[in-house]
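Let's take a friendly walk through this model, starting with the RNA and then turning to a pair of helices.

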Amino acid sequence: MQYNHQEIEKNWQKFWAENQTFKAENHSEKPKYYVLDMFPYPSGAGLHVGHPLGYIASDIYARYKRHKGFNVLHPQGYDSFGLPAEQYAIQTGQHPAKTTEENIKTYRRQLDQIGFSFDWSREVRTSSPEYYKWTQWIFIQLFNSWYNKDTDKAEDIAGLEKIFKKEGNTTVNAACDEDIVSFSSDEWKAFTKTKQEEILLNYRLTFLSDTEVNWCPALGTVLANDEIVNGVSERGSHPVIRKKMTQWSMRISAYAQRLLDGLEKIDWPQPLKDSQTNWIGRSQGAMVSFDVATGDEKTTSEVKLSYKELEALKELRQNLSKAETTLWYELKNKKGASKFRKKYTIGTFLVDYVCLAKNIIVEFSGKEEEAARTAYFTKEGFNIVRFTDQEILKNVLGVVSKINAAIQFSKPVEKTELAVVAKKENQYKIGVFTTRPDTIFGVSFMTLAPEHELVAKITTDAQKAEVENYIKATSKRSERDRMADVKTISGAFTGAFAIHPFSGDKVQIWIGDYVLAGYGTGAVMAVPCGDQRDFDFAKKFGIPIPNIFENVDISEEAHSGKDGTKIANSDFLSGLKYKKALKLSIFELEKRGFGYGKINYRLRDAVFSRQRYWGEPFPVYYKDGMPQMIDEKHLPIVLPEVRNYLPTEDGKPPLGNATEWAWDSRGKKVVSIEKLKNKTVFPLELNTMPGWAGSSWYFNRYMDATNSEEFASKESMEYWQDVDLYIGGSEHATGHLLYARFWQKFLFDKGIVPVDEFAKKLINQGMILGTSAFVYKATAFVKNGCAIDKSNDDVIEKIPTVFVSKNVFNSDDEFETVVKEYLLDNKLLDPNFADLVMITKTAIHADVSLVNSSDELDVDAFKNHALNADFINAEFILEDGKYEVSREVEKMSKSKYNVVNPDDIVAEYGADALRLFEMFLGPLEQTKPWKTSGISGVSSFLKKLWKLYFNEETFEVSDDKATKEELKVLHKTIKKVQEDIENFSFNTSVSTFMIAVNDLTALKCKKREILEPLLVLLSPYAPHITEELYSKLGHIESISTVDFPVFDAKHLIESSKNYPISFNGKMRFTLDLSLDLSKDEIEKAVLENERTIAQLEGNAPKKVIIVPGKIVNIVS
RNA sequence: GCUGAAGUGGUGGAAUUGGUAGACACGCUGGACUUAAAAUCCAGUGGUCAGUAAUGGCCGUGCGGGUUCAAGUCCCGCCUUCAGUACCA
């Protein structure tokens, strides 16, 4: 009987669908296993053979886990909001919902015919209101939360309001905007409601802010950093410019450290983790404040402690008395309080505790010179609180509350006024972030970003023109130019100087576009001897380059290494190595109040608004300009209909075209914009959410996909917990996978999900590349500079398009000769003009469907191809009557005409063959070119397998006892296949199946004892054929949950081994020896062998190495 | 520049802990079946040298060193390709 894949596959796909074979239960005795694919965006092009690669791998694993007795969740759905559908809508006027629906149908049909074991009852679509209801709901949760750095988690915003009411914002340690003014509880209470909301927005995890965004004019929307590749948009490669806009943002930066830490406990590929680490970009350093010089500087003469004294101080800090420890413990753990430091030097005095932010000194009473201390501290602007040992040991909480009171009512001392006066003449400070505060004595100038707000204020009149010109010139350069051209060094001197905080030296302040406005403070302290960019800048503008490294030559380039180098010419840092110098420099900065240690992250808050139609609407309306959340019980807020999908005439997003898009706060529903006149009707948000909104939590939804009451039920999340295996492309490393981890951590903080990492293990499947086909087209030109009577066009016009087969020529010159000869022979070129004509070669893509496996082009089909209308009359120069194309491996894409559609493969060879072949191509993680030629191998394997169960036309499997040899083949296969699946090495197990079938065919094995377990082994890979044969063996149930065969080592025990006999490590021959032999017996047997004697040529062996069961090596 | 991955026949790739390099498959060559083709089956297939042949010698996992009885695998130094990232202070 013939193996008819079409019929078999159709039947079983129907069987699975009707019997809901792969439906997962939320309650089960079995252990759970959750296998997930990154869900696809349903594009109009449908699937190409690259898409199913990961799906096939995960499907094999899911099916394997079912055989192993797991309750497997293996769902699929669609990331169905997105730009392409909307771009298509703009072009054709078709509603994106309609095209999306159609595309999904195609995807579903294509996925079904490959035989995936998806539980379709749990399908999700991010664009369906039942789904995005919960995306909106999560948005509201984010809006109603703030990040408490003390508890290190997200908390309810109501809690923050309570604190504000009680004690203002000074004790709050939150992830928030940098420039927040502090206020007391009274001030808070006095603020208007709008003002309060404005302040709260600075703390919320999703917030509105004016930010510099990446605006893409061609797409009419902003883009996130990860949606920009090489300065242009990822989708469509349109230019992107910087623009300031009011946007929703997500405070992902609050989670920077936890996102970094979390990487350690998840089993994800190292390169992926590395790129997330890189993207988060943690750098440890210090913030340093430089005063801008006013002209009459006097160098500060501070008391400086020697290094030895500092070391002594450090020790003192570690050996506290009991009372000291008790108080320190309380101060340290005082929630939300300002930071206290212990054993700190103020001037020449050592104080017990100090809070620099609040100017409070806490001391034990009874110190020497108490009066002098008080006088000095007061002069410096500190409040002093003194306690005795007894007070603390008796009632430490009382002491703490006294300290709190002192902080809260910290009466401004007279000094404050002095400070203000002092500040007036010295009003500007430049803050910089540096990772190398140890090199601070190497600072010889500072550079500000051209956009820095101080530039206008500090530039001297003399330099004004130059600076303004420079700013103008740089702002013209696009982001892309700036990135492409890193080599050009440019800048301008502001004429102003800064005061070096330690040396008091005046250093020049420059502006330069190598400093980015968006990173750190937008200013750098330039250390030309230690940083190449600073070095180049200094060289170019003739700024001094002081050397602060011991025995390092910096005449040619900066010295950026840190290990092993000692600092020199640096006052108290001289003679120290990097690590110590770094610590000491930060310590000194803090002590003297010029700066503090800080950790900076490159990761920036994610812009969450898109000026597009086809995305989730925000559940937000505006009252007095302040955003208001719509109560969750009114969700979902459904995407309204619009007249067209373009921005409105006055530049509002497409939702501005909607007529039904206002919120009736009394009727609690969306109403017509005409009702906006009413006092209780408000405008709704016009932006929509970005593509990553829906994909940041969908894995949780699958656990309980049809729940209309909740995001997912507590029980279902308790049961499924997290994804055990997640498979998808590495292109999502810094987009989807980072945002999804962020949301998961947030949801975990809020007690909504049970785990804070959503995927235990992740595998990146490699890309499948296309094998493009090229044809060589000849283009004729007339050489310049030759005067002839006839118009040049005439000569060219007669020449048809000519294509030349690949092997007809070896060089461009030869190409020209061949074409010219051809034209002359065919009278297509007048011999008189032959010398005037120049022929050049152009390689153009030919559709791969027109090329057979021997690289021969179907010339007629090519001429008549829809895209080749220009070539309908083209001439072809053939070789041996055939036209051969050249091949090149490229990314599979429509524009390269190298896309292979799985539908064709399935129709011709079947889904099982496609599944096997995609796995057989090579390791899952590796990128590999698609070459259809190899598919005949797996196809004939399936036919051979089929034949094992048949005797000509009749199905024939016997119940005879299997032979030792047959059992060995089976168990070898069980062992290898099981190991391979567990190691995700699917390509090698396909080979193993081939070997098994070849062996069993040779043994003429027709026994159920062997052939039935073989089907179970193969069923994850080729589910249709195995179901069919399994049912022919007399089973009614599906093969999908049959126990995986158990490996029994006893079948593999050998009595002898074919030993490789090596001489000096080179294998010369093999020798069959019993495995019972001892080392000595082996040696004897080998040395007696005539071939050994022949090899040795009479020499005595120096040494004989015997590894029993493995190898014999003779050293001579 | 930085980070990561990878270099094995004509091709995709295999080689689990250092122990017979090239499994399995494609392609190619020859043969069988056929009027012929397709399909199927059989044999051969890393290079090179010697031999009519059986067979045997030498070379061989990007390059150069090293460790070891033994290296595709481990160590040191380079080269190339691909991917990600890029003035991050």
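## How the protein meets the RNA

Of the RNA strand B atoms that lie within 4 Å of the protein, 58% are sugar or phosphate atoms, and the rest belong to bases. Please keep in mind that this is a predicted model.

Around RNA strand B there are 51 residues, and the ones that come nearest are Thr 434, Thr 435, Tyr 519, Arg 533 and Leu 921. By class, the residues of this surface are 19 nonpolar, 18 polar and 14 charged.

Thr 435 places a backbone N or O atom 2.4 Å from a sugar or linking oxygen of RNA strand B. Tyr 514 also has a backbone N or O atom facing a sugar or linking oxygen of RNA strand B, here at 3.0 Å.

Several elements give two or more residues to the surface near RNA strand B, including helix H10 (270-280), helix H31 (935-948), helix H33 (986-1003) and strand S16 (429-434). Strands S38 (1056-1063), S39 (1066-1074), S40 (1103-1107) and S41 (1111-1115) are also among them.

## A pair of helices

How do helix H3 and helix H4 cross? The axes of H3 (residues 83-92) and H4 (residues 96-112) come within 9 Å, crossing at roughly 125°, which means that H3 is oblique to H4. The crossing is right-handed.

On the H3 side, Ala 85, Tyr 88 and Ala 89 make the contact, while H4 brings Pro 96, Thr 99 and Thr 100. Four of the contact residues are nonpolar and two are polar, with no charged residues.

Definitions and conventions
Residues are numbered from 1 along each chain as its sequence is written. Chains are lettered from A and ligands numbered from 1 in the order in which they are written. This is a predicted model: local features need pLDDT of at least 70, side-chain atom pairs count only at pLDDT 80 or more; totals for chains, interfaces and linings use all residues. Side-chain values use heavy atoms; hydrogens and water are left out. A residue is near a molecule or strand if one of its heavy atoms lies within 4 Å of it. A polar contact is a pair of N or O atoms within 3.5 Å; within protein, one must be able to donate a hydrogen and the other to accept it, and residues adjacent in sequence count only if both atoms are side-chain atoms. Helices (H or I, at least four residues) and strands (E, at least two) are DSSP runs, numbered from the N terminus. Ala, Val, Leu, Ile, Met, Phe, Trp, Tyr, Cys and Pro count as nonpolar, Asp, Glu, Lys and Arg as charged, and the others, Gly among them, as polar. Axes are lines fitted to C-alpha atoms, for helices over the stretch in contact, and angles run from 0 to 180 degrees between N-to-C directions. Angles under 35 degrees count as roughly parallel, over 145 as roughly antiparallel, 65 to 115 as roughly perpendicular and the rest as oblique. A crossing is left-handed if the near helix is turned anticlockwise from the far one by less than a right angle, and right-handed if clockwise. Contact means heavy atoms within 4.5 Å.
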